[in-house]
Each structure stands twice: as C-alpha cells, then as structure tokens.
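Welcome! Please take a look at the sequence and the structure below before reading on.

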Amino acid sequence: MRSLFVLAATIGAIALAPASATAAPFTLSQSGFFPDVEVDSEGTGHFVWTERDNGPGPDVLHYCRVLRATTSCASERTFTFSPPDEHRPRVVIGNDGTIVLLDYRCCSSTPTPDGGSSLDVVYLIGSSDGGLTFDQPRIVATQDASGAAVFGPGEFNVSLISSQTTGGVQFQTEAVDGS
C-alpha cells in the first residue's frame, strides 16, 4: 500500500508541476543565409551565417554568441575573405570546448598553403576561449562543407563531407592545429 501511495504522490507532483515554457523565437539577422548553430556544454549557442553582398564585394561571415536563456548576441564578430562568394558556413565544437568556424569560399582561383591554387577553399577560424576571441583565419581545406562538419577522427581533426553534382560524395579531414 505504501508503494501505491508513493507512486500516486509522485504522479500528483508531476501533474502539478508547471510545464516547461517554450522560448519565443528571436531574429539574429534580417538578411542572413545558410545559418548553422552548435550549443556548448554551458548552454551557450554559437551561431554562424552568411550576409550576401549581391555584388562584386565579399560576402560576410557572421558569428554570434548567445548565452543560455537570452535572446540576443552577447558578442558578435564578422569576417570577410577572398574569394568573395561564401557558401554554407559551419560551426563545430571540440571535446575540449574549442570553437571552430569553417567558411567555405568558391569560384575564384585562390592560393593554397601547399603552393597550389583552388577554386574552392575552406577557412578555419578557431577560438579557445568560448568565442570571445578568434585566431587568425587560415585556409585548411578545399572541400565544400555543405553536408556536415564534425570534429574527428581523433581529437585534433575536423572532417567535412558533401555531395556535389560534379563530384559525388566527397570527404576531407584536416588538422585543426595546422599540423
């Protein structure tokens, strides 16, 4: 009988508890494209998106850090690169809390770190302090990140996968620390 009472009291307490409120949506950009978000272990949202230039100027990568239970950017950064056309930025968070922004640029021949050039490049911008400051951007890949971007394999690599009509499913992994 005691078990039945405990069960009834528990069900009653659950039934009387207030339902969790659904947060109202809020706008980070009136003109952004290709958004992506990751949430860290503290509940902070790390958002990226593209603002299109729609002309000869460079598209802009936007980063916004939204603290848990807030509705606006606690900090914001913008980045521009060459080539000017940006597509599908990504944000990934490593097991150690490192935040990595990936910015895919296309359609103009760009020098790569290996001394060659590519029409497609991916810039990596890293932060080891939760998105308060960022390292200098550097080219780390030539793979479109439209499919997914994840940490791994291993602790210090970022992997990119995409599907392109001109090349099928493509995969590339690059060291975050530049090694």
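This report walks through the disulfides, the aromatic pairs and the charges over rings.

## About the model

Please keep in mind that this is a predicted model.

## The disulfides

Let us begin with the cysteines. A search of the whole structure turns up two disulfides. If you number the bonded cysteines of the protein chain in sequence order, the pairing reads 1-2, 3-4.

Cys64 is buried, at a relative accessible area of 0%, whereas Cys73 is partly exposed, at 24%.

Another disulfide joins Cys106 to Cys107, with an S to S distance of 2.3 Å. Here the torsion about the S-S bond is about -55°, so the disulfide of Cys106 and Cys107 is left-handed. Cys106 counts as buried at 7% relative accessibility, while Cys107 is exposed, with a relative accessible area of 52%.

## The aromatic pairs

Now for the rings. The count comes to three aromatic pairs. One of them is made by Phe33 and Phe34: their centres are 6.4 Å apart and their planes are at 50°, which makes the pair tilted. Phe33 is partly exposed, with a relative accessible area of 41%, and Phe34 is partly exposed too, with 29%.

Phe79 and Phe134 form a pair of their own. The centres of these rings lie 5.8 Å apart and the planes meet at 85°, so the pair is edge-to-face. What does this pair link? It links distant parts of the chain, 55 residues apart: Phe79 belongs to strand E4 (residues 75–79), and Phe134 lies in the loop between strand E7 (117–127) and strand E8 (138–141). Both Phe79 and Phe134 are buried. Ring pairs also bring in Tyr63, giving a cluster of Tyr63, Phe79 and Phe134.

## Charges over rings

Let us return to Phe33 and Phe34, this time with arginines in view. Which residue lies over the face of Phe33? That is Arg52, at 5.8 Å from the ring centre.

For Phe34, look at Arg88: the charged end of Arg88 sits over the ring of Phe34, 5.9 Å from its centre. The two rings of the tilted pair, Phe33 and Phe34, thus each have an arginine to look for: Arg52 over Phe33 and Arg88 over Phe34.

Key:
Residues numbered from 1 in each chain as written. Predicted model: local features only at pLDDT ≥ 70, side-chain atom pairs only at ≥ 80, totals over all residues. Heavy atoms only, no water. Disulfide = S-S within 2.5 Å. Buried < 20%, exposed > 50% of the residue type's maximum accessible area, 1.4 Å probe, protein only. Phe/Tyr/Trp six-rings, centres within 6.5 Å; stacked < 30°, edge-to-face > 60°. Helix = DSSP H or I, 4+ residues; strand = E, 2+ residues; numbered from the N terminus. Lys NZ or Arg CZ within 6 Å of the ring centre and 35° of its normal.
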